[in-house]
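Subject: Structure handover

Hello,

Here is the structure I promised to pass on. Please open it next to this email, and then read on for what was found.

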Amino acid sequence: MSSKDIERCESELEDAENTARIGNFGKAAKKYLDVVEMCRKVEWNDEAAKAFFLSYLYPCNQDVKDRKDLLETGSLTNFFNNASTLPLMKVVAYMPGGLYGEFDTTRILTEAKGTLYMNAGLKAGSVEEAAKLLEKASECFLEIGGAPLFFSRYISCLKRRTTGNHAALECEGQIEYINGRGFVEVEPPKAVEYLMAAAKAFRAAKLREVWQEVNKIISGLRATRKCWMCGREVQGANHFNLVKADVGRYFEKILVDRKEDLRVIEGLLSIALCRPCYTSIYYEADRIAKMYYDMAMRAIAELAAEVRILAAEVRRLAAYAHSH
Ligand SMILES: [Zn+2]
C-alpha cells in the first residue's frame, strides 16, 4: 500500500461523511459503498466494515427524509440483511431526528430486527405464526428498553415516536388482540378475556386510541340480551338486533309484573331478537316482498300489452273515421 492510497482513502471517507452531514444520505450511502474496497486495499478493515455498515444504514435515513415507509421501500430489510453479517462494533453516524454520535451497531440492528419481526407478525396468516413473530419482536424491543427508537416514527407498523419498552408492550397487546379476535364469533367470554389483556398492554404502551377502540369492542362483546321471540340469552352485540316494534306500556308492565327479563326490550319502541330469529324474519319478509314484486311486474306487463292492443284499435278506428 502506498501513502497515496491511504490519503485517497482518507479523503473519500471525509467526503462521504460531509455528504451525510448535509443530509444527502442517498449519495453518502453510495460514496461509502465505493470506499469499502479502497479501505480493504490499504487494510483498514475496521473502516471498511464501518463504511459498509453506513452504506446500508443511510438509505434508511434517506427514506425518512423523503417521508417514505422504510418497510415499503425495503431499505430496512436490506440494511438488516447486509449489516448483520458484520462483526459488532461502534460506529459514528447521523441518525434521524438530527442525532449524531457514536452508536453500537447491535443497538441499531436489534431495533431493525424487532421492527421486521413485528411487521411480519402483523401480516402473518395464522394466529400461531403471528404470536411467535410478535414475541420475537417484543424480545428485541425489550433489549432496547427505555431508550427511544430511531426509526419507529417512520415505520407503518409503529408510526410514532416510542421507546423499546413501549414497542414491546404494543407487540404483547397485539398478540392478545389477535388471539382474542379468533373467539369473538364463537366464544365471546373468552374473547373478552384476551381483549382485556390486550387493552391493558395497549394502555401501558401509551396507545390511548387503540386502548379505547379495544374497550369499545369489549363492551359490545359483554352486552347480553334475551330474545323476545325464542327467549334465549345471547352474548355479543353481533349476535342480536334491536328492531322496531310497538311494545308500549301494556307489554312493558306485563314484563315488570311477571318479573321477566327486561333485556328483551329496548324502551317502548324496540325489542331484541337473536340473530337466527331476526334473520328468519328478514329472509321471509324478503321472500314475500319479492313474490309481490314479481306479481306486480307480471300484472303491469299484462296491462301494457292490453294498452298496446287498445291503442292499435283506437288508431284503426280513427283512420277509418278519417277516411269516411
Ligand atoms: Zn331468538
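First, a definition: two strands pair if DSSP finds at least two bridges between them. Helices (H or I, at least four residues) and strands (E, at least two) are DSSP runs, numbered from the N terminus. Residues are numbered from 1 along each chain, as its sequence is written. This is a predicted model, where local features need pLDDT of at least 70, side-chain atom pairs count only at pLDDT 80 or more, and totals for chains, interfaces and linings use all residues.

**The S1-S2 hairpin**

Start with strand S1 (residues 90-95) and strand S2 (residues 99-104). They run antiparallel and are joined by six bridges. Look for valine 91: its bridge partner in S2 is phenylalanine 103. Three residues lie between the strands of this hairpin, and glycine 97 takes a positive phi near 80° there.

Strands of a sheet pair through backbone hydrogen bonds, either parallel or antiparallel. In this model, an open sheet of three strands has the order S5-S7-S6, and its pairing is antiparallel. S5 and S6 stand at the edges, each with a single partner strand, so one side of each has no neighbour in the sheet.

Helix H12 (residues 275-323) packs on this sheet and touches S5 and S7. The direction of H12 makes about 105° with that of S7. Axes are lines fitted to C-alpha atoms, for helices over the stretch in contact, and angles run from 0 to 180 degrees between N-to-C directions. Residues are in contact if their C-beta atoms, placed from the backbone, lie within 7 Å.

Now take the pairs one by one. Strand S5 (residues 240-244) and S7 pair in the antiparallel sense over five bridges. Valine 243 stands opposite isoleucine 271 in S7. Strand S6 (residues 265-266) also runs antiparallel to S7, with two bridges joining them. Here glutamate 266 has serine 270 of S7 as its bridge partner. The hairpin of S6 and S7 has three residues between the strands, and glycine 267 in it takes a positive phi near 70°.

Is strand S7 (residues 270-274) largely enclosed or open? Four of its five residues are buried, so S7 is largely enclosed by the rest of the structure. A residue is buried if 20 or more other C-beta atoms lie within 10 Å of its own, exposed if 12 or fewer, and partly exposed in between; the C-beta atoms are placed from the backbone.

**Two helix pairs**

The axes of helix H7 (residues 127-144) and helix H8 (residues 164-181) come within 7 Å and cross at roughly 165°. H7 and H8 are therefore roughly antiparallel to each other. The cut-offs are these: under 35 degrees is roughly parallel, over 145 roughly antiparallel, 65 to 115 roughly perpendicular, and the rest oblique. H7 passes H8 in a left-handed crossing. Left-handed means that the near helix is turned anticlockwise from the far one by less than a right angle; clockwise is right-handed. The contact includes Leu134 and Phe141 of H7, and Cys171 and Ile175 of H8. By class, it has 13 nonpolar, five polar and three charged residues. Ala, Val, Leu, Ile, Met, Phe, Trp, Tyr, Cys and Pro count as nonpolar, Asp, Glu, Lys and Arg as charged, and the others, Gly among them, as polar.

The axes of H9 and H10 come within 9 Å and cross at roughly 160°. H9 and H10 are therefore roughly antiparallel to each other. H9 passes H10 in a left-handed crossing. Among the residues that meet are Leu195 and Phe202 in H9, and Trp211 and Ile218 in H10. This contact of H9 with H10 has 14 nonpolar, one polar and two charged residues.

Glutamate 43 lies in the loop between helix H2 (25-41) and helix H3 (45-65). Its phi is positive, about 60°, although glutamate 43 is not a glycine. With 11 C-beta neighbours inside 10 Å, glutamate 43 counts as exposed.

Lysine 206 sits in the loop between H9 and helix H10 (208-222). It has a positive phi of about 65°, and it is not a glycine. Lysine 206 counts as partly exposed, with 14 C-beta neighbours inside 10 Å.

Glutamate 187 is in the loop between H8 and helix H9 (188-204). Glutamate 187 is partly exposed, with 15 other C-beta atoms within 10 Å.

Best wishes

How values were computed: Two residues are in contact if their C-beta atoms, placed from the backbone, lie within 7 Å.
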